[in-house]
Amino acid sequence: MRSAPIVVHRPSLSGGRRVTVNRNGRDEILGLAHSDHELVVFLEAAGVLDPEQILDDPRWVEWREGGAHEWHAA
């Protein structure tokens, strides 16, 4: 089974989470998000329609380590 095309990686030691999207079999780093708002901005810039609607859909977004919507430092 493939993982979700969007991955919100574990919280970094300084705070924030790296966000990647898989396109054509390659992972592309969108940036380091520090909030749901920043995550939505990154996804909109990547061409995702209605990103707010998919944040909790595991078919689209995989939240690695830490809980979903947790942005504090590890």
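Buried means under 20% relative accessible area, exposed over 50%, and partly exposed in between, using a 1.4 Å probe and protein chains only. This is a predicted model, in which local features need pLDDT of at least 70 and side-chain atom pairs count only at pLDDT 80 or more, while totals for chains, interfaces and linings use all residues. Residues are numbered from 1 along each chain as its sequence is written, and side-chain values use heavy atoms, with hydrogens and water left out.

**Sheet**

Helices (H or I, at least four residues) and strands (E, at least two) are DSSP runs, numbered from the N terminus. Two strands pair if DSSP finds at least two bridges between them. Strands of a sheet pair through backbone hydrogen bonds, either parallel or antiparallel.

Here, four strands make an open sheet with mixed pairing, in the order β3-β2-β1-β4. The edges are β3 (26-33) and β4 (61-63); each has a single partner strand, so one side of each is left without a neighbour in the sheet. Neighbouring strands are turned by 20° against each other on average, direction ignored. Angles run from 0 to 180 degrees between N-to-C directions, with axes fitted to C-alpha atoms, for helices over the stretch in contact.

Strands β1 (residues 6-11) and β2 (residues 17-23) run antiparallel and are joined by four bridges. Pro11 has Arg17 of β2 as its bridge partner.

**Helix and core**

Helix α1 (residues 36-45) lies across β1, β2, β3 and β4. It runs at about 140° to β3. Which residues of α1 are buried? They are Leu39, Val40 and Leu43. These cover an arc of only 100° around the axis, so they sit on the same side of α1; the arc is that of the directions from the helix axis to the C-beta atoms. His37 and Ala45 are exposed on the other side of α1. The cover over the buried residues of α1 includes β1, β2, β3 and β4. After α1 comes Gly47, with a positive phi near 95°.

A nonpolar core is a set of buried Ala, Val, Leu, Ile, Met, Phe, Trp, Tyr and Cys residues joined through side-chain atoms within 4.5 Å. The largest such core has 15 residues, and Ile6, Leu39 and Leu43 have the most contacts inside it. At least two residues come from each of β1, β2, β3, α1 and β4. The largest share, three residues, is from α1.

Contact means heavy atoms within 4.5 Å. Not counting residues up to four places away in sequence, Leu39 touches Val8, Val19, Ala33, Leu55, Trp63 and Trp71.

**Individual residues**

Arg23 lies in strand β2. With the sequence limit of four places again applied, Arg23 touches Glu28, Leu30 and Ala46. Arg23 and Ser35 are 12 residues apart in sequence and 23 Å apart in space, C-alpha to C-alpha.

Asp57 is in the loop between α1 and β4. Its side chain makes a polar contact with the side chain of Arg59 at 2.7 Å. A polar contact is a pair of N or O atoms within 3.5 Å; within protein, one must be able to donate a hydrogen and the other to accept it, and residues adjacent in sequence count only if both atoms are side-chain atoms.

Phi is positive in Glu65, near 50°, and in His69, near 70°. Most residues other than glycine have a negative phi.

| Residue | Relative accessible area and class |
|---|---|
| Asp57 | 16%, buried |
| Arg23 | 33%, partly exposed |
| Glu65 | 55%, exposed |
| His69 | 30%, partly exposed |
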